[in-house]
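Please keep the sequence and the model in view while reading.

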Amino acid sequence: MKSKMCEMFGIDVPIFAFSHCRDVVVEVSKAGGMGVLGMARMSPERVEEELNWIDAHIDGKPYGIDVLMPSNLADSSDMKFDPDKLLPKEHVDFVRNMLDEAGVPPLPEAEAAEIKREIVKGMNFAPKESLAMIETAMKHPIKLIVNALGSPPLELVERAHAQGIKVGALAGKPKHALRHRNAGCDFVVAVGTEAGGHTGEVSSMVLWPGIVDAVAPMPVLGAGGVGRGRQMAAALVLGCEGVWTGSLWLKTAQSEVTPEIKQKMFEAEAEDAILTTSVTGKPCRTLRNKFSEAYDQPGALQTLPAPTQNYLWWQEGRTRVERVRAKDFLTYPVGQIVGDMEAEISVREVVYELLNEMLDARERLDEMLA
Ligand SMILES: Cc1cc2nc3c(=O)[nH]c(=O)nc-3n(C[C@H](O)[C@H](O)[C@H](O)COP(=O)(O)O)c2cc1C
């Protein structure tokens with residue numbers, strides 16, 4: 001396809017796939033799109049391991065990385081020393097009691113200590129920790145760095161550009177997109193509220209053309225609610241140069257999602273992908289579950305600020321829940337397209353389905369215009 005984003009990366013189709021799963025990244029790049037590995041919760045050693053694997057399997061195709069480099073979160077590196085001090089007892093008890101009452105067994109003590117160590121190792125939200133991961137990643141042939149939580153620092157943009165690496169950032173408002181442009185980004189990702197994960201309040205239909213106009217002629221990728229070819233066609237018609245997708249890959253055979261969570265996704269409706277602060281402390285679109293519902297009850301505790309809430313959920317809730325696969329509590333970030341997910345298919349099939357339906361949409365439009 002002819003698109004500024006295809007030209008920028010030498011790819012066949014402007015389908016950008018955000019994923020925490022290296023297999024998805026490799027498969028999308030090999031199918032002609034661009035895989036982007038999410039590095040949140042990885043230690044620099046794990047980054048090295050994942051990127052070595054990608055380099056060995058991707059047949060020289062381009063790929064990128066995505067980092068969470070916050071500009072306004074408290075420096076979480078203190079958590080490395082005594083994370084328990086940061087978790088108020090009232091909140092820990094709230095989660096523990098909820099799971100006790102639901103009959104979800106506590107973690108065995110030895111296992112709990114090991115799991116806690118692992119979680120702490122992966123809680124890399126401070127800018128200096130993100131920079132350490134980026135240092136490691138820049139020794140690999142990455143072609144793209146995307147920042148999720150704000151404009152990347154100028155120093156990083158300059159270093160990336162000196163190595164021929166492009167830089168992008170996620171935006172939920174035109175003013176964020178303008179800030180990214182001024183920070184030297186090569187493109188922006190306009191994320192509508194439909195999206196899985198952290199997202200804003202404006203729908204893709206309104207946001208995409210708003211951001212396209214605000215930063216023109218800089219290219220924009222449309223994100224949030226792209227699960228089918230008609231939605232991809234809509235993004236292109238609204239002025240985007242391609243799409244940035246996340247939820248779509250969770251249903252694939254290659255994805256990191258467990259069979260139980262995948263099944264919950266296949267059963268879910270669009271409205272089961274709720275915007276909640278219960279998982280990370282920031283509004284994050286996630287599959288509805290008993291934990292998120294507990295915070296909606298009258299008189300419930302307020303969630304903690306990010307990243308402490310995230311830490312609370314991982315340490316006290318998620319590992320305990322996933323260990324016994326307690327269905328009511330199982331959750332994962334996912335967007336409103338979850339209502340459209342019916343069965344597992346391969347990454348390659350997803351790419352072909354997107355392109356086929358997009359071409360059908362084009363023919364339909366051509367007929368109407370003729
Ligand atoms: C499971 C999951 C985890 C995500 N984690 C991140 C992340 O760590 N960094 C990030 O930039 N975006 C993250 N996102 C958001 C995606 O980058 C993207 O904006 C979003 O998935 C697009 O909307 P869609 O889900 O409708 O495709 C995540 C999305 C999902 C579904």
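The structure is a predicted model. The protein chain contains 15 helices and eleven strands. Its radius of gyration is 20 Å, close to the 21 Å given by the globule rule for 370 residues, so the chain is as compact as a globular protein of that length.

**Overall form and domains**

- Along the principal axes, the C-alpha trace of the protein chain spans about 65 × 45 × 40 Å.
- Of the 370 residues in the protein chain, 49% are buried.
- Among contacts in the protein chain with a separation of 6 or more, 69% are between residues 24 or more positions apart.
- The domain assignment gives domain 1 as 4-73 + 125-251 + 349-361 and domain 2 as 76-122 + 289-329.
- The centres of domain 1 and domain 2, taken over C-alpha atoms, are separated by 30 Å.

**Surroundings of the ligand**

- There are 26 residues around the ligand, and those that come nearest are Ala148, Ala195, Gly196, Gly197 and Gly246.
- The shell around the ligand consists of 15 nonpolar, nine polar and two charged residues.

**Strands and their pairing**

- An open sheet is formed by three strands in the order S7-S11-S10, with antiparallel pairing.
- Strand S7 (197-198) and strand S10 (273-276) stand at the edges with a single partner strand each, so one side of each has no neighbour in the sheet.
- Four bridges link S10 and strand S11 (residues 284-287) in the antiparallel sense.
- Ile274 has Thr286, in S11, as its bridge partner.
- Strand S1 (residues 15-19) pairs with S2 in the parallel sense, also over four bridges.
- The bridge partner of Ala17 in S2 is Gly35.
- In strand S2 (residues 34-38), four of the five residues are buried, so the strand is largely enclosed by the rest of the structure.

**Helix H11 and its cover**

- Helix H11 (residues 229-237) has Gln231, Met232, Ala233, Ala234 and Ala235 as its buried residues.
- The elements that cover these buried residues include helix H10 (204-215), strand S8 (220-223), strand S9 (242-245) and helix H15 (347-369).

**Cis peptide bonds**

- Ala216 and Pro217 are joined by a cis peptide bond with omega of about 5°.
- Pro217 is located in the loop between H10 and S8, and both of those elements are among the cover of the buried residues of H11.
- A cis peptide bond also runs from Ala306 to Pro307, with omega near 0°.
- Pro307 is located in the loop between helix H13 (290-296) and helix H14 (308-323).

- Asp59 is a residue other than glycine with a positive phi, near 55°.
- The loop that holds Asp59 lies between helix H3 (44-57) and strand S3 (63-67).
- With 8 other C-beta atoms within 10 Å, Asp59 is exposed, because a residue with 12 or fewer such atoms counts as exposed.
- Arg325, likewise a residue other than glycine, has a positive phi near 50°.
- The loop between H14 and H15 contains Arg325.
- Arg325 is partly exposed, with 13 other C-beta atoms within 10 Å.

Key: Residues numbered from 1 in each chain as written. Predicted model: local features only at pLDDT ≥ 70, side-chain atom pairs only at ≥ 80, totals over all residues. Helix = DSSP H or I, 4+ residues; strand = E, 2+ residues; numbered from the N terminus. Rg over C-alpha atoms; globule rule 2.2 N^0.38 Å. Buried ≥ 20, exposed ≤ 12 C-beta atoms within 10 Å, placed from the backbone. Contact = placed C-beta atoms within 7 Å. Near = placed C-beta within 6 Å. Nonpolar A, V, L, I, M, F, W, Y, C, P; charged D, E, K, R; others polar. Domains from an automatic or database assignment. Pairing = 2+ DSSP bridges.
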